[in-house]
Amino acid sequence: MLNNFERIKILSDALPFIQRFKGCTIVIKYGGSTMKNIPLKSKIVKDILLLSYIGIKVVIVHGGGPMINYWLKQVNIQPKFVNGIRVTDKKTMELVEMVLAGKVNKDLVTLLNCSSNIAVGLSCKDANLIVASSFFPDQQDNYTGQVYKVNIEIINFLLNSGYIPVIASVASDENGHTYNINADSIAGAIAESLSAEKLILLTDTPGIMLDMSNPSSLVKHLNIKDLEDLKSQKIISGGMIPKVDCCIKALQNSVGAAHIINGNIEHALLLEILTSGGIGSMLVL
């Protein structure tokens, strides 16, 4: 149990980081199993609110893979993935939109607004925030999408008005067809458009590890060359590939730093942003 002096020291140690990041924009991709753990989800929400209250402009982009998979199984649809990207036919797309925009998004907004009035839920369809194109243009019944264009005006309006945008990763193309886009890619694209100070991916793993079975092999600081080398060695593989790729692209397009951290650790966001040591992998140009 901390005494009062220890509590004050923690606040004092965080002051340089608060001063540095006040007024900066941070894009957080929230997903994975952390969304299913209600007590942990509540703590993540409190940490996001704290970041907002100390003057950081926060944008949340969320997926909802575990919830999508749960509801797909309820209607006897088997989830399919290629290189960590969900393959989405028309029937799957309808369910994905209902789960992400209709349930996951509104549950998260409600939780944020329990102690504030600053969270606004959106899908990427709102104000054409993201215009999609097909990830597999040669496949007619595949509604897996990619980011074609970003219209950032609605996000700037909300941030400058003191709100936290909470964005579901569903978008439409120029013809009105709906696509499921990897939430990491959307978070990266929005971070680029905002020239964000940080892009933070909350995941189920500690970060970039040289041995996925050994958390002590975590690499805390990497540049783009390091990441490309690890990809060529197949150390970065599977679902980590789209995460790393979106981080690389963001770094190459004006984002200050990207972080891959374990969202299952209590106060992971605060530890990564407001301490010198951090807890995950920090990626830089």
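Is K103 buried, partly exposed or exposed? In this predicted model, K103 is partly exposed, with a relative accessible area of 42%. K103 forms a salt bridge with D107, and both residues lie in helix α4.

**Helix α4**

- Helix α4 spans residues 90-112 and contains 23 residues.
- From its first C-alpha to its last, α4 reaches 32 Å, close to the 33 Å expected at 1.5 Å a residue.
- A bend of about 30 degrees occurs in α4 at N105, and N105 is itself one of the buried residues of the helix.
- The salt bridge between D107 and K103 brings their closest N and O atoms to 3.0 Å.
- These two residues are four residues apart, about one turn of the helix.
- In an α-helix there are 3.6 residues a turn, so residues three or four places apart point the same way.
- D107 has a relative accessibility of 36% and therefore counts as partly exposed, since it falls between the cut-offs of 20% and 50%.

**Salt bridges elsewhere in the chain**

- The structure holds eleven salt bridges in total.
- R20 pairs with E197, with the closest N and O atoms 3.9 Å apart.
- This pair links distant parts of the chain, 177 residues apart: R20 belongs to helix α1 (residues 4-21), and E197 to the loop between α6 and β11.
- R20 is exposed, at 55% relative accessible area, whereas E197, at 25%, counts as partly exposed.
- D245 forms a salt bridge with K231, and their closest N and O atoms are 2.5 Å apart.
- D245 lies in helix α8 and K231 in helix α7 (residues 224-232), 14 residues apart.
- Both partners are partly exposed: D245 has a relative accessible area of 32%, and K231 one of 21%.
- A network of salt bridges links K29, D184 and K243.

**The second largest pocket**

- The volume of the second largest pocket is about 410 Å³.
- Its lining consists of 19 residues, of which F135, Q146, S185, C246 and K249 are the closest to the pocket centre.
- At least two lining residues come from each of β7 (144-150), α6 (183-194) and α8 (240-252).
- Helix α8 supplies the largest share of this lining, five residues.
- By class, the lining comprises ten nonpolar, six polar and three charged residues.

Notes
Residues numbered from 1 in each chain as written. Predicted model: local features only at pLDDT ≥ 70, side-chain atom pairs only at ≥ 80, totals over all residues. Heavy atoms only, no water. 1 Å grid on protein atoms, 1.4 Å probe; cavity = no way out; pocket = protein on both sides within 12 Å on 5 of 7 lines; lining within 4 Å. Points joined across faces, edges and corners; volume = space filled by probe spheres on them. Nonpolar A, V, L, I, M, F, W, Y, C, P; charged D, E, K, R; others polar. Expected span 1.5 Å × (residues − 1). Bend = angle between axes of the 7 residues up to and from the residue. Buried < 20%, exposed > 50% of the residue type's maximum accessible area, 1.4 Å probe, protein only. Salt bridge = Lys/Arg side-chain N within 4 Å of Asp/Glu carboxyl O.
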